[in-house]
Structure formats: C-alpha cells, structure tokens
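Thanks for making the time this morning. Please have a look at the model on the screen, and I will then go through it piece by piece.

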Amino acid sequence: MLPQLFFAYFAVMILGLALVVITRRNMVHAVVWMLLMFVHIGGLYLFLNAEFFAVIQVIVYAGAVLVMFLFVVLLLNLREEQGLPIFIRGVQGRVIIGLILLLTLVSAAGQASKGQGGRFSIDYIQRQTHIKVLGSVLFNDYVYPFLIMGFILFVPMVAVVVLAIRRSNGSS
Amino acid sequence: MNPGEYIPTNYLPVLITIIAATLFGLGALIVGEFLRLRRPYRDKLEPYESGNPPVGDPGERFSIRFYVIAVLFVVFDVEAVFLYPWAVAFGQIGIVGFWAMMIFLLLIFLGFLYDWRRGALQ
Amino acid sequence: MVPLNWYLMLSVSLFIVGLIGFLTRRSIIMMFLSVEIMLNAINISLIAMSHYMQDMRGQVLAFFVIACAAAGMAVGLVLLISAYRNKPTVRLEDFDLLKDRAF
Amino acid sequence: MEFLYNLMIPIIKVAVVFAVTLLHVAYATYFERKVIGRMQCRIGPTEVGPYGLLQPFADMFKSLFKEDIIPAKADKAVFFIAPVIVLAPTMSSLSVIPFAEGFMIADVNVGMLFILACASLSVYGIILAGWSSNSKYAFFGGMRSAAQVISYEIAMGISLASVFLMAGSVRLDEIVKAQYEYTFSMYAPHLLIGFVVFLIAAFAETNRTPFDLPEAETELVAGYLTEYSGFRYALFFLSEYVAMFIMSSIITLCFLGGWTIPRFITDILPFLSYVPGILWFLSKVYFFMFFYYWIRATIPRYRFDQLMAIGWKILIPLSLLNLLIVAFVKRFVID
C-alpha cells in the first residue's frame with residue numbers, strides 16, 4: 001500500500017509541476033518550479049533503488065544545468081517579452097496531436113512486460129552500495145562510451161569560447 | 001525484496017529533516033509577519049541606490065563572461081559526477097578503466113586550457 | 001506493489017507534457033526547458049526498467065543521457081546567446097532569415 | 001506501534017540536532033564578536049546579561065520585531081521564498097553528519113554527496129534574492145556571489161573526490177573509520193594539497209572573508225542582501241552560520257579524523273580514549289570556527305577578478321593534481 005501511495009504522490013507532483021512549468025509566463029518562475037520538479041524526480045529515483053541518481057539529479061540538473069538556464073534568462077533581460085502571448089498561433093492542433101500520441105504511448109506502456117531478471121538484485125546493490133556497483137559496471141564494461149563522453153564534454157568548452165567571446169579584443 | 005515493493009526506509013529521517021527545515025524557515029517568516037510593525041511609504045519602498053531615485057532598469061549591462069563561467073561549471077560538474085563512482089569503485093576497476101579516466105581528465109583539462117588561453121577566465 | 005507499467009506511463013505522460021511545451025511555446029528558452037523535461041522522462045523510464053529487470057545497463061545509459069543533456073544544453077544556450085546578439089529576441093517566429101520572403 | 005516508534009526516534013533526533021545547532025549558531029555570533037573584538041583590542045559585547053551572554057537573544061528579538069521592507073516592484077513570491085531556499089537545504093544537510101560513532105540522523109549510503117547536493121541548491125537562493133529585489137546593486141551582487149559560489153564548488157568537489165578515492169566510500173562514517181587506519185589517523189598530511197584547497201574553497205562557499213563580496217560595502221552595498229531587512233535578513237545570516245558549521249564539520253570528518261583521536265596520541269596517553277567522541281568532534285569543529293574568525297580579522301578582501309582567478313587558475317588545477325597524485329600512488333605504489 002505504501003509504495004503505491006508514494007508513487008501516486010510523486011507522479012501527481014511531477015506531472016503537475018511539469019504542466020506548471022510549461023505554462024509560466026515569467027521564465028524565472030518556470031525555472032523555480034522546474035527546480036521543485038527535479039527534486040521530486042530525485043525522490044522517485046530513491047524508490048527505484050538508485051540513490052546515486054537521486055543525488056546527481058540534484059547536483060547536475062538542479063545544481064548546474066538549471067543554474068545555467070537562470071544565468072541565460074537573466075543575461076538576456078527579457079522584460080519586453082512579458083506582454084506577448086505565451087503560446088504560438090495554432091496551438092489546438094499541436095495539443096491534439098500530443099494527446100493522440102499520449103493515448104497511443106500510454107496504451108503501449110500499459111502492455112509492456114518485463115523480461116529476464118539480471119544479476120543486480122536489490123539486495124546485491126544494497127550490500128555493495130549503488131555507487132560502487134555503478135562505478136565498476138561503467139568503468140569495466142563501458143569504457144569506450146565513457147571516452148566518447150569525454151569528447152562530447154570537450155565540445156561545449158570550445159563552443160562557448162568560439163561563439164560567446166568575440167575574436168577582436170576589447171568588445172564584449 | 002521484489003522491485004515495486006522496495007521502500008528506501010533509511011531515507012525517512014532525511015525526509016523528516018527536509019520537512020522540518022522547510023517548516024522552520026517558512027514558520028519563522030510567517031510568525032514574523034504577525035509580530036512586526038509595518039508602516040510603508042513610497043520612498044521607503046524604493047530600491048536602494050545611495051539615496052538617489054533609481055535610474056534605469058536592473059538587468060542591463062550584464063557581462064557574457066558569467067555565462068562562460070556557468071558553462072565551465074556545468075562541464076566540470078559532470079566531470080566530478082563521473083569521478084565519484086570511479087573513485088569509490090577504484091579497487092574493482094581494471095587498468096583500462098584507470099587509463100580511460102586519465103584520458104577523460106586530460107580531455108577536460110585541454111578544453112579548460114583552451115578557454116584559459118583564449119582569455120575566457122579574465 | 002507498483003508494476004513497471006505505472007512508471008512507464010508516468011514517463012510517457014511526462015514526455016508528452018514536454019513535447020506539448022516544446023511545440024507550443026514561443027520562447028526558445030522555454031523550448032529548451034521542455035527538452036529538459038523530455039530528457040528527464042526518458043531517464044525515469046530507463047532507471048525504472050533497469051530496476052525492474054535487475055540490470056545496470058539502463059542506469060549506465062541514463063548516466064550518459066544526463067551528461068549529454070548538460071553538454072547539449074550548454075551548446076544550445078550559447079547558440080541562442082550569439083543569435084540574440086544579432087537580433088535581440090528569443091521568439092521563435094523572429095528567426096526567419098532563411099525563409100523566402102519573395103512570395 | 002512499531003511504525004510510530006520508528007517515526008519518533010528520527011523526529012527526536014532531528015529536534016535535538018536542530019536545537020543544539022541553533023543554540024550553537026546563536027553563540028557562534030557571540031563568540032565571533034568576542035574573538036574579533038579581542039583581536040582588534042576591543043572587548044566585544046558586554047551589556048546584555050553577564051559578560052554579554054544574552055546578546056544573541058537580544059539580536060534575535062530585535063530582528064523579529066523589526067519592520068521588514070519589501071521594495072516596490074519586487075517579485076514578492078520569489079522575494080519571500082529566497083531565504084527559505086537558502087536555509088532549508090543547508091539545515092537538511094545536518095541530517096547525514098555523524099557527530100559521534102553511530103550518532104547521525106540518517107544512515108544513508110550517499111552521505112557526503114547529499115551535502116554537496118544541498119550546497120549546490122543554495123546558489124538559487126542567492127540568485128533569486130538578487131533578482132527578485134529589482135535593484136541594481138542586489139542584482140549584480142547576486143550574480144557575482146553566484147559566480148563565486150559555483151566556481152569554488154568545483155574545486156571543493158574535486159578535492160573531495162580524492163578523499164573518496166582514499167576511503168573507497170562516500171559515507172562519512174566510513175571515511176572516518178578508513179582514515180583511522182592510516183599513519184596519522186587523519187588524511188590531512190596525506191592529502192595536504194586537497195586539504196588546503198578544500199579549506200580555501202570552504203571560505204568562499206560560505207561567503208566569508210576574504211571572499212565576502214556580498215558584504216563589500218564599498219562597491220556593491222550589501223550584494224544580494226541589499227534589499228533584505230528584519231527577519232528575512234536574519235534567515236540569510238542564520239544559514240551562513242549553519243553553513244560555516246557544516247563546512248567545519250566536513251573538514252573535520254574528511255581530513256582530520258572526525259570523532260576519533262589519532263592513535264599516536266592514545267598510545268602515549270591512553271586515558272584520552274575514554275573521552276566521548278563528540279567532544280573531540282566539537283573541539284575540532286570549534287577550532288575551525290575560530291580559524292574562520294581569525295582569518296576574518298587578519299586578511300583583507302579580494303577583488304572580484306582576483307577571486308575568480310584564484311578559484312579557476314589555482315585551486316582547480318591544484319585539486320586535479322592532488323587527485324592524480326593520489327590515484328597514481330594508490331594504483332602503482334600501494335597495490
């Protein structure tokens with residue numbers, strides 16, 4: 001009974017907060033609601049026995065990516081956008097397409113069944129601690145994807161300098 | 001224990017602490033609302049600008065350098081998040097995983113050096 | 001007992017909320033935020049499947065999704081900023097330089 | 001019945017820890033004023049109560065009854081919650097700190113990372129406080145403080161990674177137990193670079209001198225706190241002191257052996273091992289609190305560009321270097 005109650009709370013909060021986020025006019029408010037949503041998603045990860053993800057959801061998404069959004073929102077000084085309509089023209093069609101897609105996917109998700117159980121049972125992860133299990137899997141079996149990740153993280157560092165800082169000194 | 005029935009019971013005290021801390025902050029502010037006096041007038045409510053009436057809109061003239069710092073922060077944060085499992089599982093990681101992390105750190109540091117040379121950190 | 005399907009339904013619904021936000025908002029920053037919502041929806045389903053199948057592959061994938069999302073958002077926002085310098089707006093309709101105006 | 005019991009124990013623990021921490025914070029302000037007074041050849045507060053011991057309560061009641069000004073055109077909702085966003089995560093991170101062997105509110109596996117996550121949330125309070133005030137000084141001060149906090153967070157995180165590498169765990173009690181086995185029963189001599197980096201970054205994270213730009217009266221008035229007054233200001237002040245307490249605790253736990261005393265001392269003076277661990281823990285924490293005040297009385301403030309340069313060009317390369325040394329030594333020398 002208790003797991004269902006907690007799941008219901010998290011599901012209602014996450015979906016509700018997501019709806020609140022996409023309908024805000026003021027982007028700073030949207031970011032604050034998004035922060036609350038990320039914290040709730042982190043709480044949901046705890047129930048999936050993924051405590052390390054609960055933490056990095058807060059450290060990376062809430063603590064870094066969303067802060068970057070907040071910096072951009074404040075940097076661009078979007079006060080003149082305030083009076084304009086929130087949504088673009090012809091919203092109804094897009095919402096209807098989205099709802100049709102929602103029905104299709106929810107019915108598909110309702111029929112999903114889980115496959116074979118692997119060797120990482122809940123007790124095993126509890127005994128070894130989640131971080132250790134994830135670290136040994138990541139750095140023993142997925143070394144090459146991890147190196148590619150290094151190159152992907154190299155890109156924004158170069159891009160931000162090339163695009164944001166003008167070549168001629170003194171400007172910006 | 002089956003998936004779907006798992007409850008992280010050892011996080012219950014954390015939940016209680018978070019609720020208590022939030023209630024403490026909100027409660028202190030709300031109690032304060034009733035205790036203090038309130039006599040606002042127009043000049044008192046103006047934003048502080050050394051006594052002069054405020055000029056201009058806050059938020060203009062804001063350097064792009066802050067955004068560069070934010071992006072570097074995001075990249076290093078993700079790097080640190082990859083470092084933690086590597087550090088904790090260090091004893092169970094083979095030599096390939098060890099050198100992979102060295103190459104990863106080298107890549108991040110090269111990007112950082114590039115930014116440094118191009119003067120992004122001024 | 002919470003079945004896996006519930007988590008998948010939550011993930012799908014969250015994805016659709018993000019999609020609707022992406023399709024309907026004017027401001028490009030809000031579109032980026034909607035993309036974040038969609039990526040989080042994907043992560044929920046990946047970690048839920050990983051938990052129910054007792055296999056770490058889903059979680060490793062979710063880890064990479066988080067890192068890629070961070071890198072991608074950084075690049076996307078810097079592109080937005082450099083576009084904003086040429087044309088001070090974040091509304092989607094105003095970026096129409098490639099549209100053929102003759103007709 | 002058992003459920004109620006399981007619920008009551010953490011609630012009582014939380015109440016005790018919060019009460020002790022708040023009392024500690026109240027007297028930390030008194031202690032700071034006394035220490036700095038003595039260092040500047042003054043005597044600090046003396047009027048309220050014997051030796052001025054009731055001064056913190058006088059301050060509290062004053063700020064509670066003081067008129068609280070919300071500037072016109074401020075974003076009222078955000079202005080209201082910004083102090084709570086700073087305070088709540090900071091107080092929440094008290095839940096994973098082991099004050100003595102076996103005494104922590106929550107026994108969780110992510111320990112230290114939970115504190116890092118809480119610390120990364122407090123930057124929102126700073127930015128939102130600056131933005132919602134709708135004032136230029138507050139806005140620029142907020143952005144600067146935010147840039148400062150996020151810069152030093154990286155150096156802090158990477159230097160902590162070397163601690164995790166040595167201990168093989170992120171649980172704070174296991175970190176303490178692991179370092180008890182080493183030569184000096186503490187990591188500070190082994191990880192000297194990481195220790196120094198963390199110490200400097202801790203000053204910047206809590207906005208203390210010499211990194212206290214929000215209080216740089218000469219250029220930005222009071223930074224993001226410019227428009228805050230009365231009890232809202234007191235909440236920011238409170239969370240700064242709680243953060244100081246937490247940072248001192250982390251230094252104590254991760255680098256100085258927490259509640260244990262070094263073995264080379266107990267070998268000479270065996271009776272010291274009967275002293276309860278919490279006393280050792282608190283004496284180490286208070287030593288660092290004193291160190292904070294000492295630095296505040298001694299070192300002048302840095303400029304903003306110097307501050308960013310220290311964070312990015314010195315501390316981050318140093319912390320990476322520390323991590324590399326530890327990793328290579330652990331892989332190729334010890335194993």
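Predicted model: local features only at pLDDT ≥ 70, side-chain atom pairs only at ≥ 80, totals over all residues.

Of the five pairs of chains in contact, which chains share the most contacts? Chains A and C do, where contact means heavy atoms within 4.5 Å. Residues are numbered from 1 along each chain as its sequence is written, chains are lettered from A and ligands numbered from 1 in the order in which they are written, and side-chain values use heavy atoms, with hydrogens and water left out.

Let me turn to chain D, which has 12 helices and zero strands; these are DSSP runs numbered from the N terminus, with helices being H or I of at least four residues and strands being E of at least two. Of the 335 residues of chain D, 63% count as buried, and buried here means under 20% relative accessible area, with exposed over 50% and partly exposed in between, using a 1.4 Å probe and protein chains only. Among contacts in chain D between residues at least 6 apart in sequence, 78% join residues at least 24 apart, and the C-alpha atoms of this chain fill a box of roughly 65 × 50 × 50 Å along the principal axes.

What about the neighbours of chain D? With chain A, 24 residues of chain D are in contact with 23 residues of chain A, and the two chains bury about 2,000 Å² between them, 78% of it on carbon and sulfur atoms; buried area is the accessible area, taken with a 1.4 Å probe, that two parts lose on being put together, summed over both. On the chain A side, V55(A), F71(A) and L74(A) lose the most area to chain D, together 24% of what that side buries. Chain C and chain D, by contrast, do not touch, and their nearest C-alpha atoms are 16 Å apart.

Finally, back to chain C, where S13(C) lies in helix α1, residues 4-24. S13(C) counts as buried because its relative accessible area is 16%, and, leaving aside residues up to four places away in sequence, S13(C) touches L15(A), L102(A) and V106(A).
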